[in-house]
Amino acid sequence: QVQLVESGGGLVQAGGSLRLSCAASGRTFSRYAMAWFRQAPGKEREFVAAISWSGGSTYYADSVKGRFTISRGNAKNTVYLQMSSLKPEDSAVFYCAAGNYGTEGYNYNYWGQGTQVTVSS
């Protein structure tokens with residue numbers, strides 16, 4: 001079992017930056033790929049970024065490529081999402097997930113409860 005707790009969300013102006021963190025419990029954290037998804041009001045959940053269990057591979061949605069960076073610290077059981085050049089359309093609840101490397105929600109077995117990111121114009 002893996003439990004995930006996100007933090008770092010908040011209100012930021014357009015063009016600003018935020019760093020989200022996801023702390024995982026459980027000794028098997030390093031075996032899982034990790035990902036961030038987001039869901040805006042009235043929209044479906046969408047993939048944002050993923051990182052392999054080793055950290056050697058990453059993948060980003062086109063909408064965030066070049067602006068967001070996913071990383072992980074296996075020693076700290078934590079995955080991060082550094083977000084810069086934020087846009088109002090980035091506003092959403094961001095979810096951390098653990099599972100198999102991929103871009104679809106069904107790739108991931110474990111989910112956090114989410115953290116709100118709001119970008120004002």
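Four strands come together here in an open sheet, lined up in the order 1-3-8-7, and the pairing is antiparallel. Strand 1 and strand 7 (68-73) sit at the edges with a single partner strand each, so one side of each has no neighbour in the sheet. On average, neighbouring strands of this sheet are turned by 15° against each other, if you ignore direction. Keep in mind that you're looking at a predicted model.

**Strand 1 and its partner**

- What holds strands together in a sheet in general? Strands pair through backbone hydrogen bonds, and they can do that in a parallel or an antiparallel way.
- Strand 1 and strand 3 go for the antiparallel version, with five bridges between them.
- You can follow this pairing residue by residue: Val5 stands opposite Ala23 in strand 3, and Ser7 stands opposite Ser21 in strand 3.

**The disulfide**

- How many disulfides are there? The count comes to one.
- The partners are Cys22 and Cys96, and their sulfur atoms are 2.1 Å apart. That falls within the 2.5 Å cut-off, which is why the pair counts as a disulfide.
- This link ties together distant parts of the chain: Cys22 belongs to strand 3 (residues 18-25), Cys96 belongs to strand 9 (residues 92-99), and 74 residues separate them.
- Is the link left-handed or right-handed? With -80° about the S-S bond, the link of Cys22 and Cys96 is left-handed.
- Both ends are tucked away: Cys22 is buried, and Cys96 is buried too.

**A closer look at Ser91**

- Where do you find Ser91? Look in the loop between strand 8 (78-83) and strand 9.
- Is Ser91 buried or exposed? Its relative accessible area is 18%, and since buried means under 20%, Ser91 counts as buried.
- Which residues does Ser91 touch if you leave aside its neighbours within four places in sequence? Ser91 is in contact with Ala40, Val117, Thr118 and Val119.

Definitions and conventions. Residues numbered from 1 in each chain as written. Predicted model: local features only at pLDDT ≥ 70, side-chain atom pairs only at ≥ 80, totals over all residues. Heavy atoms only, no water. Helix = DSSP H or I, 4+ residues; strand = E, 2+ residues; numbered from the N terminus. Buried < 20%, exposed > 50% of the residue type's maximum accessible area, 1.4 Å probe, protein only. Contact = heavy atoms within 4.5 Å. Pairing = 2+ DSSP bridges. Axes fitted to C-alpha atoms, helices over the stretch in contact; angles between N-to-C directions.
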